[in-house]
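Trainee: I would like a close look at one residue and its surroundings. Please take me through the geometry step by step.

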Amino acid sequence: MAIEKLDHVNLRTTQLQAMVDWYETVLGLRQGPRPDFPFPGAWMYAGDGAVVHLVGIEGDPGIGSEAALKLEHFALSATDLQEFTSKLDSMGIEYRRNDLAGISVVQVNVWDPDGNHIHVDFATGG
């Protein structure tokens, strides 16, 4: 057995619809099929894969990754850096760009409505 790739990230949230809207609007994921679990949620797809699973919970909206979990970030690969940063700029979304010398990657760091840190990686081709 050998691990090949990360399949998905599961995030608990008290702001389910705001999170669905953010992942669709900002990251361009789409909501898709999800098993009929006995709790609210949404699966967010990139292509054919559900890469972010959102689980709706009740409670204090301030409880999120910073309070309960130890996950610092998760990363997604993407294409068209200029299009993505232009979109963020036009929406007034703050981000941090890191050009990683030596590995030809630009990371664009963003935070969802619950404060989860996501970096979107773009290959620079050289």
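Which residues does Asp121 touch, not counting residues up to four places away in sequence?

Mentor: Asp121 touches Ala75, Leu76, Ser77, Ala78, Val105, Val106 and Gln107, with that sequence exclusion applied. Contact here means heavy atoms within 4.5 Å. This is a predicted model: local features need pLDDT of at least 70, side-chain atom pairs count only at pLDDT 80 or more, and totals for chains, interfaces and linings use all residues. Numbering starts from 1 along each chain as its sequence is written, and side-chain values use heavy atoms, leaving out hydrogens and water.

Start with the location. Asp121 sits in strand S8. Strands (E, at least two residues) and helices (H or I, at least four) are DSSP runs, numbered from the N terminus. S8 covers residues 117-123 and pairs with S5 in the parallel sense, over five bridges. Pairing requires at least two DSSP bridges between two strands. In that pairing, Phe74 stands opposite Ile118 of S8.

Now the whole sheet. Its four strands run in the order S5-S8-S7-S6; the sheet is open and the pairing mixed. From one strand to the next, the twist averages 25°. Helix H2 (residues 81-91) packs on this sheet and touches S6, S7 (105-111) and S8. The direction of H2 makes about 25° with that of S7. Axes are lines fitted to C-alpha atoms, for helices over the stretch in contact; angles run from 0 to 180 degrees between N-to-C directions.

Back to the charge. Asp121 is buried and has no salt bridge. Buried means under 20% relative accessible area, exposed over 50%, partly exposed in between (1.4 Å probe, protein chains only). A salt bridge puts a side-chain nitrogen of Lys or Arg within 4 Å of a carboxyl oxygen of Asp or Glu. The nearest side chain of opposite charge to Asp121 is Arg96, 10 Å away. Lys and Arg count as positive, Asp and Glu as negative; His and the chain ends are not counted. The Asp121 side chain does make a polar contact with the His119 side chain, at 2.6 Å. Such a contact is a pair of N or O atoms within 3.5 Å; within protein, one must be able to donate a hydrogen and the other to accept it, and residues adjacent in sequence count only if both atoms are side-chain atoms.

For contrast, look at Arg97 and Asp99. They form a salt bridge, with the closest N and O atoms 2.9 Å apart. The salt bridge count is one.
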